[in-house]
Each structure stands twice: as structure tokens, then as C-alpha cells.
Amino acid sequence: DAREYDAVVATGEQVTAGLLAIVLQSMGIPARSWQGWQIPIETSTAHGSARITGIPGEDIAKHIAGGEVAVVTGFQGVVAETNRVATLGRGGSDTSAVALAVALKADVCDIYTDVDGVYTTDPRIVSKARRLPKVSYEEMLEMASLGAKVLQVRSVELAMVHNVRTFVRSSFTDPDAPE
């Protein structure tokens, strides 16, 4: 049953969001975890590959405006008709991030991953890969549709349609650290 599968696979993000909020709070940073259904990130009924249909983000926007860091589960939302969790499939976290940026009218969206940008090829495999200083929406859309795994196609489409500047950043390096 795809609905039950979604209920299970969505738990990893829920645990991670809660743990990150706890760590931020322990550092004195006001934070709250949000699951997709709490915002809500409304989706289609296609469990395992749902599409985002809307994000009424007024509640989360109030919390952010009040100085709270919102730690949001990616990859999931809720089917409004059934009130069931639905996952977005591969790259759903990227898509969630860009969709939230659009809903919250953000100027930029940072996507944290295991590489620090978009490269000419996979830098984990090819040592001579070069980081591209800038990539247009159209170029990134083509790369994603041809199999580049940096950003998911739907996230690039959303960013392009809504003109949200999107940056790929590394989770493993500090951009402010001295070289």
C-alpha cells in the first residue's frame, strides 16, 4: 500500500527535523520543527511521487517573522482530501525547499547537499571536474533532465517560473572558513 509506505519513509525527515530543532535550541537559537502536514504542503494523491499543489504558508511565515528558525521536513506533504502524508519522490527535498521559498516570497533558496555547487561532471568520480561559477535556469533544467543529480527537475522548474535564485551549497564545508 503506497499510503502506508509513505507513512514509513516520511519518518526519517521528521526525526531529523526534530533533532535539528533541539540542537538549535540548545545553542540558544529559537527553532521549531515543522512536518509537511503542519504547514501544510498540499499535494496530489500520487503517493511516492506526489506533486505539490499549494502551500498556504501564513502560519509558518508568522513564526519566521517572530524570529524563529523553521526546520521543515522536505520530501513530504499532505493530501488534503484524505489527510494522509504523501512523499514527493527522488529530489523531493529540493522541490520542497524551492516551493517553500516561493510560498514565503524569499529572494533566494539555498540547497545544501554533498557538493559545493554545480560541476562539469560528478566531482566525487572525476578529479578534474570544474565548478561552474553560474548556471542559468535553462542550462540547469537541461542538465537535470539529462540525469545530473545536483537538483531535481521540478525544483529547477519552480525556481525558473518564480524567478527564485537557487544556490547549491555543501553541507560539509564552511564557506566562511579561511583557506
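Residues are numbered from 1 along each chain as its sequence is written, and side-chain values use heavy atoms, with hydrogens and water left out. Because the model is predicted, local features need pLDDT of at least 70 and side-chain atom pairs count only at pLDDT 80 or more, while totals for chains, interfaces and linings use all residues.

Helix H6 covers residues 153-162; helices (H or I, at least four residues) and strands (E, at least two) are DSSP runs, numbered from the N terminus. At the start of H6, a side-chain oxygen of glutamine 152 comes to within 2.5 Å of the backbone nitrogen of arginine 154. Such a polar contact is a pair of N or O atoms within 3.5 Å; within protein, one must be able to donate a hydrogen and the other to accept it, and residues adjacent in sequence count only if both atoms are side-chain atoms. After H6 comes asparagine 163, which has a positive phi, near 55 degrees.

The buried residues of H6 are Arg154, Ser155, Val156 and Ala159, where buried means under 20% relative accessible area, exposed over 50%, and partly exposed in between (1.4 Å probe, protein chains only). These buried residues pack against H4, H5 and strand S8 (165-170), contact being defined as heavy atoms within 4.5 Å.

Helix H4 (residues 92-103) packs with H6 at an angle of about 20 degrees, the axes being 8 Å apart. Axes are lines fitted to C-alpha atoms, for helices over the stretch in contact, and angles run from 0 to 180 degrees between N-to-C directions. The two helices are therefore roughly parallel, given that angles under 35 degrees count as roughly parallel, over 145 as roughly antiparallel, 65 to 115 as roughly perpendicular and the rest as oblique. The crossing of H4 and H6 is left-handed, meaning that the near helix is turned anticlockwise from the far one by less than a right angle (right-handed if clockwise). On the H4 side the contact is made by Asp94, Thr95, Val98, Ala99 and Val102, and on the H6 side by Arg154, Ser155, Leu158, Ala159 and His162. This contact of H4 with H6 has 5 nonpolar, 3 polar and 2 charged residues; Ala, Val, Leu, Ile, Met, Phe, Trp, Tyr, Cys and Pro count as nonpolar, Asp, Glu, Lys and Arg as charged, and the others, Gly among them, as polar.

Helix H5 (residues 137-145) also packs with H6: the axes come within 9 Å and cross at roughly 165 degrees. H5 is therefore roughly antiparallel to H6, and the crossing of H5 and H6 is left-handed. Tyr137, Glu138, Met140, Leu141, Ala144 and Ser145 of H5 meet Val153, Val156, Glu157, Ala159 and Met160 of H6. By class, this contact of H5 with H6 comprises 8 nonpolar, 1 polar and 2 charged residues.

Strand S8 contains serine 170, which is buried because its relative accessibility is 8%. The side chain of serine 170 reaches the backbone nitrogen of phenylalanine 172 at 2.9 Å. Apart from neighbours within four places in sequence, serine 170 is in contact with Tyr112, Thr113, Val115 and Asp116.

Another part of the model involves helix H2 (residues 11-26). Alanine 17 is found in H2 and is buried, with a relative accessible area of 4%. Not counting residues up to four places away in sequence, alanine 17 touches Ser33, Val71 and Thr73. Leucine 19 is found in the helix H2 as well, but counts as exposed at 51% relative accessibility. The C-alpha atoms of leucine 19 and serine 33 are separated by 8.5 Å, although these residues are 14 residues apart along the chain.

Threonine 73 lies in the loop between strand S4 (69-72) and strand S5 (76-79) and is buried at 2% relative accessibility. A polar atom of the side chain of threonine 73 lies 3.1 Å from the backbone nitrogen of glycine 36. Residues up to four places away in sequence aside, threonine 73 touches Glu13, Gln14, Ala17, Trp34, Gln35 and Gly36.

Some backbone geometries remain to be described. Most residues other than glycine have a negative phi, and most peptide bonds are trans. The peptide bond from isoleucine 39 to proline 40 is cis, with omega near -10 degrees. Asparagine 83 has a positive phi, near 60 degrees, and is exposed, with a relative accessible area of 64%. Lysine 105, in the loop between H4 and strand S7 (108-113), has a positive phi near 55 degrees and counts as exposed at 71% relative accessibility.
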